[in-house]
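Me: Could you take a close look at the disulfides for me, and walk me through where they sit? I would enjoy one connected answer.

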Amino acid sequence: MIWNGIVKSAVGAATLMVACGAMAAPQGVTVSVVPDKNTLGKEDDVVVKVTITNASDTPHYILKSRTPFSGIEEALFDVKRDGEPVPYLGAHIKRAAPTRSDYFVLKPGASHTVKVELSGLYDMSVSGDYQISYKTVSPQLFLDSPQANGRAGAAARDATSADNALVSAPASIWIDGRVPRGEKSQTMLDIEAMKRAAEQPSTASLSYSKCTTSQQSTIASAMAAGTNMANSSDTYMQNGVIGTRYTKWFGANNSSRVATVKAHFAAIKDAFANKPVVVDCGCNQNYYAYVYPTQPYKIYVCKAFWTAPMTGTDSKGGTLVHEMSHFNVVAGTDDHVYGQTGAANLAISNPAQAVDNADSHEYFAENTPALN
């Protein structure tokens, strides 16, 4: 495994990116997945080798968080068992909109390789034939203009373009798992139980982990702000009058998508009002917050959360709305783009993806500047 070398290459590349100012287009970048072993037993870890290659004669700039070179912090793989999707068990993270420093350069003809252990990120405990593909899709995946100041120009890319994706051919693995083929894993049984529990009346509560007294007071205020945002959003959707507040963040008025967003905010409102929420203050990363979507209703708040305003754009209250939307038992959203510019562009170019984007829900809820 050459993890350290890959990490150093990525950091060095980011520095070079600022200096060289070269224009980039994503064509010619490929990704492959090769398993260490094609047959695994009950106690074996699932390890794959991921290689990203620039087969063109142009340098390309790739969003670091959408690669495995500094660890996996997104759902970067599409995993199926006997043709059925396998749930992602990792974290969903709220980040700031990407800047130039969040990209690394892949030089012409260069390849970067890293080994990744997937057993803790995807439920592979059931025996069966597994197909594992690298699959990450985002209009912010590639940086269009490293010369641009401020936020990454990639935010304005057409979200429907194939150039916004890194997708590998599937790698095949047979796993003789702990659970017999055809039966449900304990993870799936737990997820189904949580979904049933989410549909039942429950008692609202707010508790804390690793939080000081001062932090607890701040979180209580943030929960109140998030509750107000969720209530306002639900009221808007229940009224059924679709105006610019909706179209700004979710795109054209489409009955199916409107129904989805309406259901999302009803569930988000219910989670704030009626569920046992736990907020953990132990995170020292520069993110706003993160959650594990299969583990409601625990929210981990990080450094950027504490410096955010209580309300308004990228606020404390809005961050909690963002994270609440990620839970599978609430809205099951993903992180396709970050930042207001990226979310507004996504609503235009790919409204179906906007309806699944957590920041889009946050900005609708924050409603800053206010729209009708």
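Reply: Happy to. A disulfide here is a pair of cysteine sulfur atoms within 2.5 Å. This is a predicted model, in which local features need pLDDT of at least 70 and side-chain atom pairs count only at pLDDT 80 or more, while totals for chains, interfaces and linings use all residues. Residues are numbered from 1 along each chain as its sequence is written, and side-chain values use heavy atoms, with hydrogens and water left out.

Searching the whole structure gives two disulfides. Counting bonded cysteines along the chain, their pattern is 1-2, 3-4.

Let us begin with Cys211 and Cys281, whose sulfurs are 2.0 Å apart. The torsion about their S-S bond is about 90°, so this disulfide is right-handed. It links distant parts of the chain, 70 residues apart. Cys211 sits in the loop between β13 (205-209) and α3 (213-239), and Cys281 in the loop between β14 (276-280) and β15 (289-291). For these element names, helices (H or I, at least four residues) and strands (E, at least two) are DSSP runs, numbered from the N terminus. Cys211 and Cys281 are both buried, where buried means under 20% relative accessible area, exposed over 50% and partly exposed in between (1.4 Å probe, protein chains only).

The other disulfide joins Cys283 to Cys302, with an S to S distance of 2.2 Å. This link is right-handed, with 100° about the S-S bond. Cys283 lies in the loop between β14 and β15, and Cys302 in the loop between β16 (298-301) and α6 (303-307), so the pair ties together parts that are 19 residues apart in sequence. Cys283 and Cys302 are buried as well.

Among the buried residues are Asp359, His361, Glu362 and Glu366, along with Tyr363 and Phe364. Just after α10 comes Asn367, which takes a positive phi of about 50°.
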